[in-house]
Amino acid sequence: MTDSPVSALVERLSADIRSGALPPGSALPTHRKLAAQYGMAIASATKVYAKLRDLGLVVGEVGRGTFVRDRPMQREWDVDDEARLSSSAVDLSFNHPSWPDQSELLRATLRELATAGDLSALMHQQPPGGRQHERETVAAYLRRARGIDVPGARVFLVGGAQQGLDVLVRTTLRPGDAVAVDALTYPGFKMTASLAGLALKPVAAEHRGQGAGSGHVGPDLDALEAICRRHAVRAIYTMPTLHNPLGWVLSRAQRRRLVEIARRHDCLIIEDATYAYLVDNAGPPIVTPAPERTFYVSSLSKSVATGLRFGYVVAPEAYAAQVKRVVRASYWSLSSVVTAIATRWLASGDVERQEERQRAQAKWRQTVAREALRGMEVVAHPSSLFLWLPLPEGLRMDRAASALAARGIAVSKAQAYATTRHAPHALRLGLSSMSEAQVAPVLAEVREVIDRMPL
């Protein structure tokens with residue numbers, strides 16, 4: 001069997017998958033049956049599935065077979081949504097963590113739940129914020145993995161970090177309240193703030209030098225202090241460990257000063273630690289030196305699975321009762337099944353093992369990205385699962401995003417992250433939704449598209 005019939009069959013099956021004729025989750029024939037169906041050798045059938053796997057279209061599960069992979073449609077933060085793509089797109093606009101044996105771990109956990117203990121208990125709703133033993137499980141994980149010593153009574157279970165942010169905004173802020181945020185910040189907080197009628201006060205980034213070692217090193221804390229003097233800032237929203245999208249990690253001195261500013265001006269702090277797990281030996285979380293005013297929020301969405309929708313909020317003791325009231329009024333409690341799965345993985349160490357895998361993957365993907373985008377300006381932490389790509393002067397981000405969309409590559413534009421009136425012309429590229437085989441060629445295609453665009 002030559003590569004030509006193999007390529008033809010790969011194209012045919014790819015088209016069926018992308019069109020939806022073979023929907024996500026469909027079981028494909030065994031290698032032997034595929035070979036018999038198309039009159040090819042088993043080795044050739046194996047090549048077909050290998051190529052489809054490299055394209056990110058199928059997943060093989062040992063002992064079960066080959067299945068069409070779930071490829072969610074591009075998530076587009078931008079309000080104009082000009083690049084709404086089909087499920088065949090390479091999605092660099094969102095990070096979807098995955099790892100080998102992910103499906104088998106879930107299958108084994110569901111079997112355990114089905115055979116252990118009182119299964120009917122999973123059909124009952126939890127108390128607002130979660131059952132005490134499950135909150136204690138999260139607290140134990142935070143002590144081990146994050147160095148945060150907090151009692152379970154101050155931990156509240158939420159449906160991902162986004163819901164956690166919504167709960168915190170409802171708990172602490174009112175329409176018109178001023179909140180200091182980075183000039184480029186997480187779009188989900190922007191959306192929550194907009195719905196709540198908050199007044200966002202952008203803090204410019206501090207930039208260091210030229211050449212090697214240059215780049216964004218954190219918020220300009222002098223500017224933050226000035227904003228707090230001019231306005232009655234109620235809260236500071238910050239991502240001190242692996243900022244999204246610029247990738248900075250604040251030094252211990254920067255963390256101390258941020259806390260000093262918050263205390264001097266009596267500001268609450270919302271600490272978003274969604275990507276903090278990727279960084280080894282970062283400074284202490286803000287919640288550690290300032291537990292009386294810091295709300296800490298994170299989830300398992302970026303480290304384990306986006307579909308798990310399990311997160312947690314750590315609240316100051318003085319605000320715990322208020323958080324509980326907001327949780328009760330808004331969603332009452334998480335799914336008991338989801339909570340049981342997530343807390344089992346937290347208690348068993350599976351989450352920490354996956355975080356370790358993700359850290360290794362992030363470092364590898366950043367190394368590949370730097371090589372593929374050599375000569376372009378790239379802003380990223382070496383352990384990050386995303387990068388910030390400033391565009392050449394004269395090239396607008398909407399033109400670049402549209403050109404990439406035409407090639408089936410979804411990206412996020414800077415305007416989704418900007419809290420200022422004018423956004424820089426830049427793109428954010430997520431790196432974890434591609435298969436390993438896709439990383440270099442897809443990023444090389446990004447570079448080719450941008451290099452060829454007229455300025």
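Asn281 lies in the loop between strand 10 (268–272) and strand 11, helices (H or I, at least four residues) and strands (E, at least two) being DSSP runs numbered from the N terminus. Although Asn281 is not a glycine, its phi is positive, at about 60°. Pro245 belongs to the loop between strand 9 (233–238) and helix 9 (252–264). Most peptide bonds are trans, and most residues other than glycine have a negative phi.

The model is predicted; local features need pLDDT of at least 70 and side-chain atom pairs count only at pLDDT 80 or more, whereas totals for chains, interfaces and linings use all residues. Residues are numbered from 1 along each chain as its sequence is written, and side-chain values use heavy atoms, with hydrogens and water left out.

An open sheet is formed by seven strands in the order 4-12-11-10-9-5-6, with mixed pairing; two strands pair if DSSP finds at least two bridges between them. Strand 4 (155–158) and strand 6 (199–203) stand at the edges with a single partner strand each, so one side of each has no neighbour in the sheet. From one strand to the next the twist averages 20°. Strand 4 runs antiparallel to strand 12 (residues 311–314) and is joined to it by four bridges; Leu157 has Tyr312 of strand 12 as its bridge partner. Helix 5 (residues 132–146) lies across strand 4, strand 11 (294–299) and strand 12, at about 105° to strand 4. Axes are lines fitted to C-alpha atoms, for helices over the stretch in contact, and angles run from 0 to 180 degrees between N-to-C directions; contact means heavy atoms within 4.5 Å.

The domain assignment of the protein chain gives domain 1 (5–68), domain 2 (77–95 + 352–452) and domain 3 (123–348), with bounds from an automatic or database assignment. The centres of domain 2 and domain 3, taken over C-alpha atoms, are 25 Å apart. Their contact takes 27 residues from domain 2 and 35 residues from domain 3. About 2,500 Å² is buried between these two domains, 58% of it from carbon and sulfur atoms; buried area is the accessible area (1.4 Å probe) that two parts lose on being put together, summed over both.

Four salt bridges are counted between domain 2 and domain 3 (side-chain nitrogen of Lys or Arg within 4 Å of a carboxyl oxygen of Asp or Glu). The side chains of Arg144 and Glu352 form a salt bridge (2.6 Å, N to O).
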